[in-house]
Every structure is written in C-alpha cells, then in structure tokens.
Amino acid sequence: MHQSEDNTLNRKAECCCGQLSIEVYGEPYLHSICHCNDCKKRTGSAFGISSYFKKDEVVAKSGKSGEYSFFHEEKNHEQSRHFCPSCGTTLYWYVSSYPELIGIAGGCFVEQSLGEPKYSISHGGKLPWVKINESIENNA
C-alpha cells in the first residue's frame, strides 16, 4: 500500500490465493452494497460489495485472469467479469452502462478497507435478516 504526498492511498485488492491482484489510486467513485440476485450468486453471500473506480485510477494489474461475459437482466447491461482461474475469486469487472469505470469486489481490499458503503443498491432484494445502517442511502 502506498500513500502519496496528498494522503491519497493506493489500494490493492487481491483474490483468495493472491495470484490475481489489482491496484487503484484514490477513493472509489461509487462504493455500495448490492442485493441483486446476480451479486448474491457472484459472492455466494446475501449481497455483494461493489466498488467502482475510474479506469484511469488503475495503477497495476498482476496475475492471470479468466473472463466471462453476460447480459445482466435485472440491471439491463452487459458485464465482463475477471476471476482467478486458481481460486475462483471474481476480482473485477466492466459494466456497459459505466464505460469509464471498473468494478472491484470491495471485500478483496483487505489491507486498506474502503470503509462503510454509501449506497444499498437493489435494496428491494435485501434479505429480511440483513440490517443496513441508516446512514446508507437505499436505492430500490
């Protein structure tokens, strides 16, 4: 992790086995929890943590990634996801409706947390037992 003179951090996200990583500069453009069925399947959890950075804030990518693409029915856009072929972690992705951004799995930033997400996306799909802090803005 690198800290610049203006206190902006470079953050590194990596897969479970450490073979695949991505490093970004600065703060995320969008940092959210998503309750759509696709994010639930991607993470194997009750929601996904999605952190979007501007593409020009990517400092480095290392390791080999596999890729798959699909049409996201609920969000009406194309996605291209990159995952570690060794451990299976989906680390980053591209979304057609955000061509200037790259999405990164927020939970993969383990050395320098991104902090509390600002938004709860697809909030209508939230499981009843998941409690969301009142400071997080809900998006149906």
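## The largest pocket

Eighteen is the number to begin with: the largest pocket is lined by 18 residues, and Tyr52, Lys75, His77, Tyr98 and Ile121 lie nearest its centre. A pocket here is an open set of points on a 1 Å grid over the protein atoms alone, where a 1.4 Å probe fits, with protein on both sides within 12 Å along at least five of seven lines; lining residues have an atom within 4 Å of a point. Its volume is about 280 Å³, taken as the space filled by probe spheres set on the points.

The lining divides into eight nonpolar, seven polar and three charged residues. Asp, Glu, Lys and Arg count as charged, Ala, Val, Leu, Ile, Met, Phe, Trp, Tyr, Cys and Pro as nonpolar, and the others, Gly among them, as polar. At least two lining residues come from each of strand 4, helix 1 (37-43), strand 5 and strand 8 (77-83). Helices (H or I, at least four residues) and strands (E, at least two) are DSSP runs, numbered from the N terminus.

## About the model

This is a predicted model, in which local features need pLDDT of at least 70 and side-chain atom pairs count only at pLDDT 80 or more, while totals for chains, interfaces and linings use all residues. Residues are numbered from 1 along each chain as its sequence is written, and side-chain values use heavy atoms, with hydrogens and water left out.

Eight strands form an open sheet with mixed pairing, in the order 7-8-9-10-5-4-11-12. Its edge strands, strand 7 (66-72) and strand 12 (137-138), each pair on one side only. Two strands pair if DSSP finds at least two bridges between them; strand 4 (residues 30-34) and strand 11 (residues 119-121) run parallel and are joined by three. Across this pairing, Ile33 stands opposite Ser120 in strand 11.

## Two serines

Ser50 sits in strand 5 (residues 48-54). Ser50 counts as buried because its relative accessibility is 3%, buried being under 20%, exposed over 50% and partly exposed in between (1.4 Å probe, protein chains only). Leaving aside residues up to four places away in sequence, Ser50 touches Leu30, His31, Ser32, Cys39, Arg42, Trp93 and Ile104, with contact meaning heavy atoms within 4.5 Å.

Ser62, in strand 6 (residues 58-62), is partly exposed at 37% relative accessibility. Beyond residues up to four places away in sequence, Ser62 touches Gln19, Leu20 and Ser21.
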